[in-house]
Structures are given as structure tokens and as C-alpha cells.
Amino acid sequence: MAITQAWPLAFLCSVIVLLDVNVDAGGIVIYWGQNGNEGTLAETCATGNYDFVNIAFLSTFGNGQTPTIKLAGHCDPYRNGCTGLSSDIKSCQAKGIKVMLSIGGGAGSYNLTSAEDARQVATYLWNFLGGISSSRPLGDAVLDGVDFDIEGGTNQHWDDLAKYLSGYGKRGKKVCLIAAPHCPSPDAWVGGALKTGLFYYVWVQFYNNPPCQYSSSSIGNLEDAWKQWTTDIPATKIFLGLPAAPASFR
């Protein structure tokens, strides 16, 4: 999901309880990594406000490109300078917070050209989830899952990527897959991938989408869209995505 420079976006899952649906209230999710002034990852987790933190973003991958993670001014991936985040990740996890890697984002260069391309990207992502490669961009910490925040490229082969990543779970620790679609259903980018039933969490962006976003004057459009998402998508938990501040609206 797009993140403004001034404000990180949080997904206020407690809002779910205001709607008459049979879904757990869940917790609060935040994207971290796109604002150099937002504090460290460890400081973010130490607030006690969040149940999930998405490290955002791995914004370059696929189509033969060298995968690159960009975290504003937090670290320099080109000089292997992000391995120091490993201690922060472990600190968050020790508090019971799940730490995910978010791939894609609103501004990046990513595209999957074939099932084989998806397999190669999955192999790279496994380095963040428990692989034994010497290439560990975030150090030796093992992340809890991968968030598909796909907002560009094409809608092809994201289902293949999900299947390949899920397959790594057969080697031991389950690979937790998450998606961050926009509320018009089906999502233009990952709508097909969501039908695989491989995504555990789905946090839906109910803002910057007038046909289904929240409005203080009426919640009818949002409520109708929410019912559609919770009925049509085979995910364990559906989260209600709202911006953390007015500046996040476009």
C-alpha cells in the first residue's frame, strides 16, 4: 500500500468490531521503513501499539532484476548495511510481534514474467524466511511472512509466487502469506492470487477508493464491500485498512 513520506500507514483492525460480522478483531498493523524520521524498528515495536510490523519495501524484483530493498534512510542495502536490523527484528518478535517483509509498494520496479520467474523470486525471498543462503539482506533474523502489496506491473504469476513460497513451509516453519489489496473486488493485481486460499491474513485498503472507502457521512459503501470481502476471500483473517492520518488520503 502506498505510504506517505510524512506519516506511516496503520491498519486499525479494532474498527472491525464496529461492523456486524463474524471476524476476530485482530490487532493493529503498521508499515515501517519509508520515513527516515519514524524511529527505529525496535522503537516502533517498543510502543506496544502494534501486533504486526511490515518492513517496507522490497521494491525491485522479477524480470531478471537484482532484488533490492529500500528503507528510506534507515540503512544502505547497496553496502549490505541493513543486516543490523536483525537485532531489532528479534526484539520485536520477543514481544510477540510478527514481523513481515512487504514486497511491491506504490513506487517500485517489479514484475513477474513467468512461473519460472516467480520461482526464482520465491527462492530469493526464502532467504528472509529461514533459507540457508549467505545472502541475508536483513541479517540472520527469520521473518514471519511475506506481505504482497502489489500496486503495479501486471496481475500475472502472483498466484505462482504464493504457491512456491507456501511450498517452502513443507520444509519446517510455515510460511505466512499476507496480501494488501484495494477494496474494489476483485483486486486488480492480486485478485487471482487470493483465490488460491494460501493467504492467512488479508488487510484490505478501504481508503483512496471512493466506491468502497469509509465516509463519515455514510458507511454503507464500506459495509457492503466489507461483507463481499469476508464472504468471497478464503483467508483466515480479514483486516479493515484505514489511514493513520488525514495526510495519507490522496
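**Why these labels?**

Me: What makes Tyr110 buried?
Reply: The relative accessible area of Tyr110 is 6%. Buried means under 20%, exposed over 50%, and partly exposed in between (1.4 Å probe, protein chains only), so Tyr110 counts as buried. Bear in mind that this is a predicted model, where local features need pLDDT of at least 70 and side-chain atom pairs count only at pLDDT 80 or more, while totals for chains, interfaces and linings use all residues. Residues are numbered from 1 along each chain as its sequence is written, and side-chain values use heavy atoms, with hydrogens and water left out.

Me: What share of the protein is buried?
Reply: Buried residues are 50% of the 250 residues.

Me: How many helices and strands does the protein have?
Reply: Six helices and ten strands. These are DSSP runs numbered from the N terminus, helices being H or I with at least four residues and strands E with at least two.

Me: How many aromatic pairs does the structure hold?
Reply: There are 16 aromatic pairs. Rings of Phe, Tyr and Trp (its six-membered ring) pair if their centres lie within 6.5 Å; planes under 30 degrees apart are stacked, over 60 edge-to-face, and the rest tilted.

Me: Are Phe61 and Trp158 buried or exposed?
Reply: Phe61 has 1% relative accessibility, so it counts as buried. Trp158 also comes out at 1%, so it is buried too.

Me: How do you know that Tyr110 and Trp158 are edge-to-face?
Reply: Their ring centres are 6.4 Å apart and the planes are at 70°, so the pair is edge-to-face. Tyr110 is in strand β6 (residues 109–110) and Trp158 in helix α4, so this pair ties together parts 48 residues apart in sequence.

Me: Which residues form one aromatic cluster?
Reply: Phe52, Tyr200, Tyr201, Trp203 and Phe239.

Me: Which helix holds Ser86, and why is Ser86 called buried?
Reply: Ser86 lies in helix α2 (residues 85–94). Ser86 has 5% relative accessibility, so it falls in the buried class. Leaving aside residues up to four places away in sequence, Ser86 touches Leu138, Gly139, Asp140 and Ala141; contact here means heavy atoms within 4.5 Å.

Me: And why is Gly192 called partly exposed?
Reply: Gly192 has a relative accessible area of 48%, so it belongs to the partly exposed class. You'll find Gly192 in helix α5 (residues 191–194). Gly192 and Gln156 are 8.4 Å apart from C-alpha to C-alpha, and 36 residues apart in sequence.

Me: What is the phi of Asn63, and where is Asn63 found?
Reply: Asn63 has a positive phi of about 55°, although it is not a glycine. Asn63 is in the loop between β3 and β4 (68–69). With a relative accessible area of 46%, Asn63 is partly exposed.

Me: What about His157?
Reply: His157 is not a glycine either, yet its phi is positive, about 75°. The loop between β7 (145–150) and α4 is where His157 lies.

Me: What is the omega of the peptide bond joining Ala56 and Phe57?
Reply: That omega is about 0°, and the bond is cis. Phe57 is in strand β3. The bond from Ser185 to Pro186 is cis as well, with omega near 0°, and Pro186 is in the loop between β8 (176–179) and α5.

Me: Which residues line the largest cavity?
Reply: Trp126, Leu129, Leu143, Asp144, Lys173, Lys174 and Val175. On a 1 Å grid over the protein atoms alone, a cavity is a set of points where a 1.4 Å probe fits but cannot get out, while a pocket is an open set with protein on both sides within 12 Å along at least five of seven lines; lining residues have an atom within 4 Å of a point. The largest cavity holds about 30 Å³, a volume being the space filled by probe spheres on the points, joined across faces, edges and corners.

Me: And which residues line the largest pocket?
Reply: The lining includes Pro67, Tyr78, Cys82, Tyr124 and Arg136. The volume of this pocket is about 150 Å³.
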